[in-house]
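Have a look at the model first, then read on.

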Amino acid sequence: MAETAPRGRFITLEGGEGAGKSTQARRLASWLAERGIDCLQTREPGGSPGAEQIRALLVTGEPGRWDAATEALLMNAARRDHVVRTIRPALAAGRWVICDRFLDSTLVYQGYAGGVPAATLQALIAAAVDGTRPDLTLVLDLAPDRGLERAQGGKYGTETRFERKGEAFHAAVRDGFRRIAEQEPGRCAIVDAGQPEDAVAADIAAAVSERLGVPP
Ligand code: TMP
């Protein structure tokens, strides 16, 4: 009988603006590669050609350009395309997937901070992911004033629409991620992103070893 590759594992990184997710996603991918694990690194909104086009609508322009429910619909349209065209084929081929943001960002940005009812978001997310859910979610926790200061270093160019949503919004984002991590301790690990970069990477490696059985 032909052998099929075992399904890869699906890891998501979540957190507010400037928490260092992209840097840590890169470091995690190389750490896994050193252990012989082939990874696909991807991001949301985006991660497939169609979803990247939707991303451009979402992250540029005035903060009030879309209301939170419209954002949720667009995020999940992008997510559906990303899951179907990028994430699922990689997992099916036995690759591990590291995704910078996923469904928790919708629950937090459009839900806790944006006011869309959780039940509405859960229904949209279920339609988008159709059973493809993370094995492990790393929540990078950082005070929003520190994160926004880092994010405003200019690396996002014109992608500043969410950054400009105001202090109360970003405080709610931090609180929302912490609440999800507390409610789902089996799936989520919270990491102190205020530490030096190497210490954050070490905490992430330890969580991945412990939760997913990768040799340290
Ligand atoms: P990024 O700057 O981490 O690439 O993410 C772009 C912005 O999109 C970020 O401010 C968070 C926001 N976002 C949501 O509001 N909802 C979502 O579901 C996702 C994936 C991102």
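**Ligand site and backbone notes**

Arg-101 sits in the loop between strand 3 (96-100) and helix 4; helices (H or I, at least four residues) and strands (E, at least two) are DSSP runs, numbered from the N terminus. This is a predicted model, where local features need pLDDT of at least 70, side-chain atom pairs count only at pLDDT 80 or more, and totals for chains, interfaces and linings use all residues. Residues are numbered from 1 along each chain as its sequence is written, and side-chain values use heavy atoms, with hydrogens and water left out.

**Around the ligand**

- The shell around the ligand holds 14 residues, and Glu-17, Arg-55, Arg-101, Thr-106 and Gln-110 come nearest (near means that a heavy atom of the residue lies within 4 Å of the molecule or strand).
- By type, the shell splits into 5 nonpolar, 3 polar and 6 charged residues. Here Ala, Val, Leu, Ile, Met, Phe, Trp, Tyr, Cys and Pro count as nonpolar, Asp, Glu, Lys and Arg as charged, and the others, Gly among them, as polar.
- Helix 2 (49-59), helix 3 (68-92) and helix 4 (103-112) each put at least two residues into the shell, with helix 4 giving the most, at 4 residues.

**Ligand atom pairs**

- Ligand oxygen atoms pair up with two side chains: one is 2.8 Å from an N or O atom of Glu-17, and one is 3.2 Å from an N or O atom of Lys-21.
- On the nitrogen side, a ligand atom is 2.9 Å from an N or O atom in the side chain of Gln-110.
- Taken alone, the ligand exposes 480 Å², and the protein buries 95% of that (areas from the Shrake-Rupley method with a 1.4 Å probe).

- Arg-101 has a positive phi, near 80°, despite not being glycine. At 12% relative accessibility, Arg-101 counts as buried (buried means under 20% relative accessible area, exposed over 50%, partly exposed in between, with a 1.4 Å probe and protein chains only).
- Asp-130, another non-glycine residue, has a positive phi of about 45° and lies in the loop between helix 5 and strand 4 (136-141).
- The Glu-44 to Pro-45 peptide bond is cis, with omega near -10°, and Pro-45 is in the loop between strand 2 (39-43) and helix 2.

**Two leucines in helix 5**

- Leu-124 is in helix 5 (residues 118-129) and is partly exposed, because its relative accessible area is 22%.
- Leu-121 also lies in helix 5, but this one counts as buried because its relative accessibility is 0%.

Notes:
Polar contact = N/O pair within 3.5 Å; in protein donor to acceptor, adjacent residues only side chain to side chain.
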